Amino acid sequence: MFTGYRSWLCCFLVTAVCGVGAVQMAAQGKAIAGENTDFTSSQNKADRDEWFRDQGFGLFIHWSVDSQLGTTISHSLVGASDDYLNRFFNDLPKTFDPTRFDPSEWARLAKLAGARYVVFTTKHHSGFAMYDTKTTPFNIMNTPFHRDATAEILKAFKDQGIAPGVYFSPDDFYWLYKHGKTIQRGIEDVQPSHNPGLLDYDSAQLRELLTNYGPVDVLFFDGEATSLRQLAWKLQPNIVVTRGAMRTPEQTIPGQAFDEPWEANETMGDAWQYQPQLDRYKSGHQLIHGLIETRAKGGNMLLNIGPKPNGELAIEQEDRLREIATWMFVNSEAIYATRPWIITNEGDIWFTKKKDGSTLYAIVDSSVPWKRGQWHDLVLHSVKATAKTEVSVLGANGKVLEYAPNVVPQTTFHMESDGLHIHTMKSQRIWDITEWPNPLVIRLTNVEPALVPPRVKTGSYQWGGSEGSLKLEGELLDMAGAKSLEVGFEYRSIVGEDVHSRTAPWTATKTQTITGPGRFSAIVDISPTGRYEFRAVVRHPLLSLYGAETTIRPAAGH
C-alpha cells in the first residue's frame with residue numbers, strides 16, 4: 001500500500017506540531033457554497049460547542065403528516081393547485097394515525113447504533129406541528145392519533161441517555177396559505193423578516209418547544225432564523241444551535257477539515273421522509289464511510305431516518321442502523337471525542353485522534369474486504385513512532401484467532417524512512433462470512449506527526465469576454481518541502497439545489513505542475529446563466545487537499 005513514494009517523502013518528512021495540518025486546512029476558507037459563513041455572531045457557549053463536537057454521531061428523524069402519501073416532505077405544496085392545498089391542509093390530518101408508533105423502540109436501536117443525540121422535526125415547512133401547540137389547529141393533536149409525538153420521542157431518547165434535539169422550520173406553508181400568499185421558499189416575500197405576523201407566530205411556537213419539553217440540547221433551524229436564535233439562547237442558554245450558527249451541509253462532505261463545530265446531514269437513501277417507491281438506499285458500508293470521513297474532517301454526522309406513516313421503521317432503515325451498530329460497538333472509540341489529524345487520510349486510510357492528542361486511529365476502509373485470519377501490511381506516511389508507541393486493533397485482543405491455535409494475531413510495527421510500517425490482521429469474528437466489508441480500526445498511542453501537508457486557497461473567478469468562458473483562480477500557499485506539485489480546480493452545478501444541499505458530482509479541470517508557492521488559474525467553458533461552485537485543489541501522492549467551496553454567480557446580463 002502506497003509503495004513507490006519513498007523518494008518523494010524523503011523531502012517531505014519533517015517534524016510537525018501536532019494538529020497543524022487540520023488548523024491550516026480550516027484556515028483555507030470558511031465557505032460551504034451558498035451558506036452563511038459569518039458564524040462569529042453565534043452565542044453557543046464554548047464548552048457546549050466542545051460537548052457537541054465530542055458526540056460525533058446523531059440521529060435525524062423526518063416524520064410528518066404527509067408521510068401517509070410517501071411524498072417529499074412538505075415540498076409537494078410548492079407549485080400545488082388550490083385543490084391539492086385544500087385537501088392537504090384540511091383532509092390529510094384526518095387520516096394520520098400511526099398505530100405502531102413506539103419511540104422507545106427507535107431509541108433503543110439508536111442507542112445500539114451509537115447515536116449520542118437526536119433531532120426530531122417538530123415542525124417542517126408544511127407548518128404541521130408534531131406537538132401539542134396552541135398556535136395552530138394544524139397539529140398532531142387534531143388527528144385520530146391525538147398524542148404529542150414530540151414529547152414521547154424526546155422522553156424515549158432521554159431515557160436511553162441520548163441528548164434531545166429539535167428541528168424547527170421558520171418557513172411555514174400553512175401560515176402562507178391562511179394569509180393568501182403563494183407558497184414558495186427562498187424569496188424575501190415569504191421570509192419571517194418580511195412578515196411580522198409570521199415571525200411572531202414562529203416565536204410563539206419556539207417558546208412552546210423550549211419551555212414545555214425540558215432542557216433541549218440541540219436546535220436545528222431550517223430557514224431564516226436570525227432573531228429566533230436570540231430567543232432560543234435567551235430561553236435555554238446552554239442550547240447548541242446547529243443550522244443557523246454553524247455550517248451544516250446536506251448530502252455532501254466538504255473537501256477540507258475544520259477545527260470548529262460543523263455537522264454533515266445525510267439521508268439513508270435519496271429522501272428525507274419515508275418514500276415507499278423510488279428511494280435508492282445507500283449501503284451500510286457507504287453510511288459508515290460517511291461517518292468516518294466526517295469525523296476525520298472534524299464534523300458530526302447527523303444520519304436521517306424517515307418512519308413509515310404507521311410509526312414503524314422501514315426494514316431497509318432498521319437493517320442499516322443495525323449494521324452501523326455492529327461497527328460502532330467495536331469501533332466507537334475512534335468516533336467519540338476525536339478531532340482531525342494533520343491530514344484527513346492517506347488514500348483509503350482515514351484518521352481521527354483523541355482531542356487530548358494521546359491516541360491516533362487509522363481507519364482502514366479498503367475497497368477490497370480483508371479476510372479474517374490473513375496478515376496485511378500497510379505504511380502510514382504521516383505517522384512517526386516514539387519509544388512509547390503501542391499499536392493494536394480495536395475490538396481484538398491480539399492473542400486468539402478462532403480455530404487456529406498456532407496463530408498469534410498480534411499487531412507489530414517498525415519505522416522506516418518512508419513511514420510507520422504495520423503488520424496486522426483482522427482476527428475478531430464479527431460475521432459468519434470471512435470477508436466483512438466494513439473498516440478495520442488500528443489504535444496507535446504515543447505517536448507524532450511525520451509531515452506537514454501543503455496548503456491551497458480558493459481564489460476569485462472572472463467571466464471572460466467570450467460567452468461561457470470563466471477564469472478560476474487559486475493560490476498554493478505552501479509547498480511543504482516538495483519540489484513540484486500538481487494543482488487545479490473542481491467545479492459543479494448547483495442549479496435547483498437547496499442552499500445547503502449538494503448532489504451533483506465534481507468535474508475536475510486539467511492539473512498543472514508548479515514548482516513554488518503562488519497563484520494559478522484555469523479557463524472553463526460553462527453556461528453563463530447557471531449557478532456553480534468551485535474549489536482549488538492540490539494533489540500529492542497521499543491525498544488531495546482542497547480550498548474552500550466558493551459560489552459562482554451567473555455572468556452579468558444573464
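Which ring does arginine 48 lie over? That would be tryptophan 51, with arginine 48 over the face at 4.3 Å from the ring centre. When I say a charge sits over a ring, I want NZ of Lys or CZ of Arg within 6 Å of the ring centre and within 35 degrees of the ring normal. Arginine 116 lies over a face too, that of tyrosine 336, at 3.5 Å from the ring centre.

Quick housekeeping before we go on. This is a predicted model, where local features need pLDDT of at least 70, side-chain atom pairs count only at pLDDT 80 or more, and totals for chains, interfaces and linings use all residues. Residues are numbered from 1 along each chain as its sequence is written, and side-chain values use heavy atoms, with hydrogens and water left out.

Okay, rings with rings. Rings of Phe, Tyr and Trp (its six-membered ring) pair if their centres lie within 6.5 Å; planes under 30 degrees apart are stacked, over 60 edge-to-face, and the rest tilted. That rule gives 25 aromatic pairs. Take phenylalanine 89 and tyrosine 177: a tilted pair, 4.5 Å centre to centre, with 35 degrees between the planes. Phenylalanine 89 is in helix H4 (residues 82-90) and tyrosine 177 in helix H7 (residues 173-178), so this pair ties together parts 88 residues apart in sequence. Helices (H or I, at least four residues) and strands (E, at least two) are DSSP runs, numbered from the N terminus.

Are these two buried or exposed? Phenylalanine 89 is buried at 4% relative accessible area, while tyrosine 177, at 23%, is partly exposed. Buried here is under 20%, exposed over 50%, and partly exposed in between (1.4 Å probe, protein chains only). Both residues also belong to a cluster linked by ring pairs, with Trp63, Phe96 and Phe145 among the other members.

Now for two strands, E17 (residues 455-463) and E18 (residues 469-478). They pair in the antiparallel sense over 7 bridges; for strands to pair, DSSP has to find at least two bridges between them. Glutamine 462 stands opposite lysine 471 in E18. What does glycine 468 do in this hairpin? With 5 residues between the strands, glycine 468 takes a positive phi near 80 degrees.

E18 has another partner to show you: 8 bridges join E18 to strand E22 (residues 518-525), and these two run antiparallel. In that pairing, serine 469 has aspartate 525 in E22 as its bridge partner.
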